[in-house]
Amino acid sequence: MAEAHQAVAFQFTVTPDGVDFRLSQEALKQIYLSGVHSWKKRFIRLKNSFLTGVYPGSPSGWLAITAITVGSTWVHVDLSRGTISRIQRNSPPGRCPPSCSCYFNLRQQTLLSALLFSTGVWILGIWLRRQMLKLLLSYHGWMFEPHGKTSFSTKAWVGREASALVKVMSGRHPLLYSFQTSLPKLPVPRVEDTVQRYLKSVQPLLDKEGFEQMGALARDFQQKLGPRLQKFLVLKSWWATNYVSDWWEEYIYLRGRGPIMVNSNYYIMDFLYITPTPIQAARAGNCVHAILKYRRQLDREEFEPVMALGVVPLCSYQMERMFNTTRIPGKEADSLLHLTDSRHLAVFHGGRFFKVWLYQGGKQLPPRDLEMQFQRILDDPSPPQPGELRLAALTAGSRVPWAEARAKFFSRGKNRASLDCIERAAFFLVLDEKAQGFSPEREESLSEYAKSLLHGRCYDRWFDKSFTLVVYPNGKLGGNAEHSWADAPIMGHLWEFMLATDQLQLGYCNGGHCQGVPNTDLLRPQRLVWDLPEECIQAIDAAYGEAQALADEVDFCCFCFSAFGKGLIKKCRTSPDSFIQIALQLAHFRDRGHFCLTYEASMTRLFREGRTETVRSCTGEATAFVLSMSDPNCSPLDRLQLFQEAAEKHQQMYRLAMTGAGIDRHLFCLYVMSRYLGVKSPFLDKVLSEPWRLSTSQTPQQQIKMFSLEAHPDLISSGGGFGPVADDGYGVSYIIAGENLITFHVSSKFSSPETVSVPAEGRRGARIVVPQHEPWKQKQGVRAGGCQQAFTGGVPHQAQRGPWPLLSLEPPLVKGSLLIQGGGGHEAFCKCCPGTDQQGQWGSQVHLATDKDVCPMGLNSFNNRPT
């Protein structure tokens, strides 16, 4: 009861003798401190808004200009060339009759005019520097120059010399959003250029007749409807900050009516190798404190903008909605609720929802207090209320039923209050009940970990929150993020800060608990109360059934590839990302026997409010290399040449996407414009209906330089992933961590006959697949239709049909050789060489590589070391 009394500022009781008032000094003190905290936060935001608004200028610059100008008037030197005198004559004090004493004297008039002149010069200087910086940041030639060769223009633009233009114009000590008004706008490509790039991108995927048909549609669009749509789109680009981002957020994300679980949300994992503490509440306490510390620095704009090359700023606007943000369901379209502040956290454990205050006396709770609060939740024996256990399944199902249920059952009373507590929370925390994490002894552990984070049990994640932090009983953690408010690199920025702060700054005591002594007088976590009628419970059950069916459909294969990493790839003078993208093309072709439309996400944050663009990585050059790997008449040097051309083409496509010359966002906006104008385009309809059967993305890392992976190799992250974009395709996420590790997250659906997913029983990590369409790779006696037997160093074992054979280099066998690496240790088969294995005939194209074998075709020419 004492805690309840402390929560009330004053109480009164009506008695026969009058009204008896009782004041709570502690409660009044907390109200006062909260008010002080709010006003301090407002002042900081006002100050930062001013500093950002005048950047690259500064108050000290204004002071310097003013001091020089005023000082010159004292020594009778007119730096303004008469401007100060004109200001003085035309200002109200200057027009006042000499007999009037209501205005300033002559010296004061001169000082005021000098101040106005100095302010005008300062503002003009800011505007000129901002325009010059915007012009300089529009130069992207540095991205297209050959490695190791830098032109004079690029050196002058961003070189190490003190006179480098970008450095001079950028100013000093920028805040997080200082460069926003200096970033260039995303340019609108010409229709002719986009159409030609599109046709070139689909040529490897279509037969001659199909390509001719698509070419005819493209030419008709380019000559007739395209120019009209382009004019409206250019007009929008002049008016809007970014001609893509608002439509992309609305039509790709917020207007989607299907479940966002699996289909839109993505996940992110903990450290791969270490767990800082096995105590669940302690890990949650440290990490929540680290996240709140990040939010504080974000609110104060204390982070420097992320820079390319150390000097080219990337757009930071997506960070604005990281916290206090929830996706609100609607019948036709969802919306984003974003608050300027939130002082509590919503927590889920054991089918129950809790509210935890994050501040005491205007100060953020320390980790030990947060640990105590979370432990109180874990120790709470109370059961879920009727319908509460699976309530969050509403956020996992289709959006229209959730919108209808929200309007009908959560618009008033205690349900409204409890829902507001969740939606207005800083973020959502789940104290999970089943341990997860990577275990080297269990190959499937990483895949189970991924599925737990992506969808969980379909009712233990609030999928509408900007992000959900999940902490497991063994101390491992992960996150699930809603996609509409920002892209994965933004969450990655927070995630790196949180993990580094947890491990390197906060730490734990010897017993695994957070540092410090808990304050036992804190109010206990508040249990949220619900009153859910039977009809609402039925809606919850329906949403749960839909979500569970979707979750059961998803197959994951996550694995760590440690035979080599970017270190060896870079020695081959190849981009690691290009290498992996080409490897995926080869793997997909060997699995399915054909090529498919491939999506790779790149960023356009070199422009203001830029988000993403598509790199169509299934290029003609990549397909030529893949086909050469199946051609016995193609020499190793020819394959090497084709590989290098494919890698260079991929890099060129990536650079074009980053610099606003991509294909898909332009066509998407032209399509939206056509719908607004009420006209149909067969070409755009065809383009927008093409499925992305291979959707890929690289997880960024080391955005915040809080630690070095070379100095702390145990702090490598597992990365993150997403569900398959197409029902009959794959989702592939990968993180290139350190010099010798690549972690893959591969998703697909069990129901599709076009994928190689199989029921989970008996599945083993990454599998070797011998596809039916390449019978020359099948061992004699193997039944057609799939792989039944493979070899591990000459020893037969059972191999399941599984998601991905991985193109790789195997330095212990042959440095630089292209091999197929399976998931079971030493499984490696050179897919180019004629010969036989040691156990029997494999046909003319397959050679079993053992520890002493050297590739007869000399493919270590990839390392420029021919055998």
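Predicted model: local features only at pLDDT ≥ 70, side-chain atom pairs only at ≥ 80, totals over all residues.

Which residues do ring pairs link into a cluster?

Guide: The cluster you're asking about is made up of Phe348, Phe353, Trp402, Phe410, Phe428, Trp462 and Trp530, joined through ring pairs. For some context, searching the whole structure turns up 32 aromatic pairs. One of them is a stacked pair between phenylalanine 559 and phenylalanine 744, with ring centres 5.4 Å apart and 20° between the planes. That pair reaches across the sequence: phenylalanine 559 sits in strand β16 (residues 554–561), phenylalanine 744 sits in strand β22 (residues 741–749), and 185 residues separate them. Both phenylalanine 559 and phenylalanine 744 are buried.

Next comes a pair with another geometry. Phenylalanine 564 and phenylalanine 579 are both buried.

Rings also turn up under charges here. The charged end of arginine 390 sits over the ring of tyrosine 544, 4.1 Å from the ring's centre. Tryptophan 248 has a charge over its ring as well: the charged end of arginine 665, at 3.7 Å from the centre.

The axes of α21 and helix α23 (residues 636–658) come within 9 Å and cross at roughly 115°. Angles from 65 to 115 degrees count as roughly perpendicular, and α21 and α23 are therefore described as roughly perpendicular to each other. The crossing of α21 past α23 is right-handed. On the α21 side, the residues in contact are Asp577, Ser578, Phe579, Gln581 and Ile582, and they meet Phe643, Ala646, Ala647, His650, Gln651 and Tyr654 of α23.

Arginine 573 has a positive phi of about 60° despite not being a glycine. With 78% relative accessibility, arginine 573 counts as exposed. Glutamate 301 is another non-glycine residue with a positive phi of about 60°, and it's found in the loop between α13 (280–299) and β4 (307–308). Glutamate 301 has 9% relative accessibility, so it counts as buried.

There's one more backbone detail to check. Tyrosine 55 and proline 56 are joined by a cis peptide bond, with omega about 10°. Proline 56 lies in the loop between α2 (25–54) and α3 (59–74).

The axes of α3 and helix α6 (residues 106–137) come within 9 Å and cross at roughly 140°. That makes α3 and α6 oblique to each other, and α3 passes α6 in a right-handed crossing. Among the α3 residues involved are Trp62, Ile65, Val70 and Trp74, and the α6 residues in the contact include Leu111, Leu115, Phe117, Val121 and Trp122.

Now for a single residue in its surroundings. Cysteine 669 lies in helix α24 (residues 664–677) and is buried, with a relative accessible area of 0%. Leaving out residues up to four places away in sequence, cysteine 669 touches Leu233, Tyr243, Val244 and Trp247. Cysteine 669 and leucine 229 are 440 residues apart in sequence, yet their C-alpha atoms are 9.1 Å apart in space.

Finally, let's zoom out to the whole chain. The chain has 25 helices and 28 strands, and buried residues account for 55% of its 867 residues. Of the contacts between residues at least 6 apart in sequence, 75% join residues at least 24 apart. The pair of phenylalanine 559 and phenylalanine 744, 185 residues apart, is one link between distant parts of the chain.

Methods
Residues numbered from 1 in each chain as written. Heavy atoms only, no water. Phe/Tyr/Trp six-rings, centres within 6.5 Å; stacked < 30°, edge-to-face > 60°. Helix = DSSP H or I, 4+ residues; strand = E, 2+ residues; numbered from the N terminus. Buried < 20%, exposed > 50% of the residue type's maximum accessible area, 1.4 Å probe, protein only. Lys NZ or Arg CZ within 6 Å of the ring centre and 35° of its normal. Axes fitted to C-alpha atoms, helices over the stretch in contact; angles between N-to-C directions. Parallel < 35°, antiparallel > 145°, perpendicular 65-115°, else oblique. Left-handed = near helix turned anticlockwise from the far one by under 90°. Contact = heavy atoms within 4.5 Å.
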